[in-house]
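Let's work through some exercises together. Have a look at the model first, then try each task before you read its solution.

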Amino acid sequence: VQLQASGGGLVQPGGSLRLSCAVSRDINSISFMGWYRQAPGKQRELVALSPYGRSTTYADSVKGRFTISRDNAKNTVYLEMNSLKVEDTAVYYCNAEDYGIKYWGQGTLVTVSS
């Protein structure tokens, strides 16, 4: 599975961004799609998880502000990010997990700064 993330950039606090993850395979056949992030000097953390056929889950720090969604026709997963905060600054990675194997995209940098 190959993943291509895009959509990162520089945004002011309170602003919005939408990240996209193009997947090389039918995402309906993938058990989990998710977004992770890694801030400088910190470990990679789960941001949002979309299990196939089940409810999505979010990190407490982004609940109510971020939304993960799937476009099955385009084999693309999105992360809509609103009310961005300085502490959301990180490299965001798209992730697919199937049969216990995790696949990672190259990451896209999100910088929240005034």
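**Exercise 1.** Is Y36 buried or exposed?

*Solution.* Before we start, note that this is a predicted model, in which local features need pLDDT of at least 70 and side-chain atom pairs count only at pLDDT 80 or more, while totals for chains, interfaces and linings use all residues. Residues are numbered from 1 along each chain as its sequence is written, and side-chain values use heavy atoms, with hydrogens and water left out.

Step 1: recall the cut-offs: buried means under 20% relative accessible area, exposed over 50%, and partly exposed in between (1.4 Å probe, protein chains only). Step 2: Y36 has a relative accessible area of 12%, so Y36 is buried.

**Exercise 2.** Describe how the rings of Y36 and W104 are arranged.

*Solution.* Step 1: rings of Phe, Tyr and Trp (its six-membered ring) pair if their centres lie within 6.5 Å; planes under 30 degrees apart count as stacked, over 60 as edge-to-face and the rest as tilted. Step 2: the structure has 2 aromatic pairs. In the pair of Y36 and W104, the centres are 5.0 Å apart and the planes stand at 70°, so the arrangement is edge-to-face. Step 3: Y36 belongs to strand β4 and W104 to strand β10 (residues 101-104), 68 residues apart; strands are DSSP runs (E, at least two residues), numbered from the N terminus.

**Exercise 3.** Which residues join Y36 in a ring cluster?

*Solution.* Step 1: Y93 and W104 also pair edge-to-face, with 6.4 Å from centre to centre and 90° between the planes. Step 2: ring pairs therefore link Y36, Y93 and W104 into a cluster.

**Exercise 4.** Find the salt-bridge partners of R37 named here.

*Solution.* Step 1: a salt bridge is a side-chain nitrogen of Lys or Arg within 4 Å of a carboxyl oxygen of Asp or Glu. Step 2: R37 meets E45 at 2.7 Å, N to O, and R37 also bridges to D88, with the closest N and O atoms 2.9 Å apart. Step 3: R37 lies in strand β4 and D88 in the loop between β8 (76-81) and β9, so this pair ties together parts 51 residues apart in sequence. Step 4: R37 is buried at 6% relative accessibility, and D88 is buried at 1%. Step 5: R37, E45, R65 and D88 are linked in a network of salt bridges.

Note on methods. Helices (H or I, at least four residues) and strands (E, at least two) are DSSP runs, numbered from the N terminus.
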